[in-house]
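This report describes the fold of a single protein chain.

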Amino acid sequence: MRSTEKRNSIITSKRNARDKALGFAGPYLGNDHGIYTKATASEIVQRIAKGEWTSSEVLEAYIARSAMAQAKVNCLTEVLYEDARKQAKELDAEFASTKTLRGPFHGVPVSVKDNYQIEGYDATIGFTAWANNPGKKDACVIAQLRAAGAIIFVKTNVPQTMLAFKCSNPLWGRTTNPWNDKYTCGGSSGGEGALLAMDGSALGIGSDIGGSLRIPASYCGVYSLKPTAERVSSIGTQAVRPGFEAIRSSHGPLARSVQDCELFCKTIFGQKDSSHQNIPMPYHAVELPSKLRFGYYLSDGMLESSPACKRAVLETVSALRKQGHECIEFTSPLNASAMEVFLGLTSSDGYKKMLSHLDSDPMAKPDLQEDSLFLVTLGPRLPSFVRKLACWIAKTFLGDSLFPRFFSLAREKSVLEFTDFTDQRNEVTAAWYEQVWDKYGFDGIIAPVQSLPVIPHGGATYLSVFAAATITYNVIDSPVGTIPVTRVNPDTDNLSTDFVVGASGRSKMFETRMYLGKNPVYDPKAMEGIPVGVQLVGKKWEDEKVLAMMHVVDVALGPRGFGPGSWEPIKT
């Protein structure tokens, strides 16, 4: 184990190296650079193909903008500006000679989540012990993007371990929400969400095992797609628990338009990785019926959704109905069961492997370590009788039957128990198709991303159960798009006066913290202007249909202040 002095020295050295690399960025000049940073990735390629722009011109604009974003929200980890400039010059020379694009992403500046290996750069995911160990080879999806002409120019921040939906770690510090720095940008692809919201990148790449693409997309007001797990290769990604495949991680885009999510999928889907582990299913266009049948729900049955999150769903439903589509409200039947499966499987080793990487990084100290791990990892660290006592107190004296149901599962398990939970995962998946898809005949499902539109820094410490709203679709492995819909409005999004915590079997403990007391987490006045998105869910392997339905929803909602050029200075 490294000494505290050595750990601090590593932190200082890495941050100094980042600052030095950032020094090679020029200032962001709105009149000169705005034309590039306000263009989608798809538009950038089109303008380069016409000879109107060069890759180098586009890159310089995004370099300047990403450096500005870093100064505002601390979203970057590794900075590849000089290597990116060399690649841009190569692309320009190639195009000048051949008048042919290298590929569908020719000249597009792309940012990537810190867990993707890039030759010559670290992939620390916030562990100081993993610093100064540069990658020897690009991750598979990075190599595929480069071959398509993309220019990888920065890596972005994550919560340490990536098992959290906020974004801070001891090595790189905290990333804040680009719309209000009192709140988190989400996680674990939080740096990506923040950077894209500020037009600091044309396209971002992230991963998702419990909501890590969808949560930051909603918190920051951008688009994302969590594909079916094996549509995009995971080869070359840094993992805290290699070999854990009971819940498969998905890899996909964060973007400022549906078109850019689609461009990523058209380019990457179907490409084989070096180990032939992903599904070689090329992108295939789908033709939607003129009238779609959507299901929707306002709350997941475990926590009451805030008025802002309900409104996002209802506005989406209203917009779709105006376009002639059918929208049917239903009760989501298996979210709690899916959360049980997720907790049972992910905690099966007592989080020993994940926490073994901490080395000298402090545990559960705010601003130093990802303190949202406190509640998540507390269960396995408690003696069995203490854990059982806590569950009994919560149920008997606090009137909460949901908390003990989940907390009791956070413990180390035998191989037999692990296989039982794996079997339960399969049963939940089969039941979801029977009780939802087959029963109702939905084309897609509209659902809240979380119960609250955003959480303050430190909020994930005691509200980790929020992730259940997204975790369901990791357990059943559904493709899910995220679409920004609206923003928190204190005039319309106040809590109803007749609200009762813990009603209908929901968690009384968590809802009390969310909505009541002197300092409730949900505060529409403080959250004013924060984006609120929705999940658009499809059946496994129907990723292209989800993308097509995202277009339908996006057009139905109409212009609403999202996309390139929409960011305004953060509140302080």
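Which residue just after α4 takes a positive phi?

## Helix α4 and its end

In this predicted model, the residue in question is Asn 74, with a phi of about 60 degrees. Helix α4 itself comprises 19 residues. From the first C-alpha to the last, α4 reaches 26 Å, close to the 27 Å expected at 1.5 Å a residue.

## Helix α5 and its surroundings

Helix α5 spans residues 81-98, a run of 18 residues. Its first and last C-alpha atoms lie 26 Å apart, close to the expected 26 Å. Lys 99 follows α5 and has a positive phi, near 55 degrees.

The buried residues of α5 are Tyr 81, Ala 84, Arg 85, Gln 87, Ala 88, Leu 91, Asp 92 and Phe 95. Viewed down the axis of α5, the buried residues fall within an arc of 165 degrees, and they therefore line one face of the helix. Lys 86, Lys 89 and Ser 97 are exposed on the other side of α5. The packing partners of the buried residues include the helices α1 (4-22), α3 (41-49), α4 (55-73) and α6 (140-147). Strands β1 and β3 (151-156) are also packed against by the buried residues of α5.

## The open sheet

An open sheet is formed by 11 strands with mixed pairing, in the order β1-β3-β2-β8-β10-β9-β14-β15-β13-β11-β12. At its edges stand β1 (76-79) and β12 (326-329), each of which pairs on one side only. From one strand to the next, the twist averages 30 degrees.

Within this sheet, β13 (residues 444-448) pairs with β15 (residues 531-537) in the antiparallel sense, over four bridges. Ile 446 has Leu 536 in β15 as its bridge partner. Helix α16 (residues 415-440) packs on the sheet and touches β11 (293-296), β13 and β15. The direction of α16 makes about 115 degrees with that of β13.

## The chain as a whole

The chain contains 19 helices and 15 strands. Its C-alpha atoms fill a box of roughly 75 × 65 × 50 Å along the principal axes.

Of the 572 residues, 62% count as buried. Among contacts between residues at least 6 apart in sequence, 80% join residues at least 24 apart.

Conventions:
Residues numbered from 1 in each chain as written. Predicted model: local features only at pLDDT ≥ 70, side-chain atom pairs only at ≥ 80, totals over all residues. Heavy atoms only, no water. Pairing = 2+ DSSP bridges. Helix = DSSP H or I, 4+ residues; strand = E, 2+ residues; numbered from the N terminus. Axes fitted to C-alpha atoms, helices over the stretch in contact; angles between N-to-C directions. Contact = heavy atoms within 4.5 Å. Expected span 1.5 Å × (residues − 1). Buried < 20%, exposed > 50% of the residue type's maximum accessible area, 1.4 Å probe, protein only. Arc of directions from axis to C-beta.
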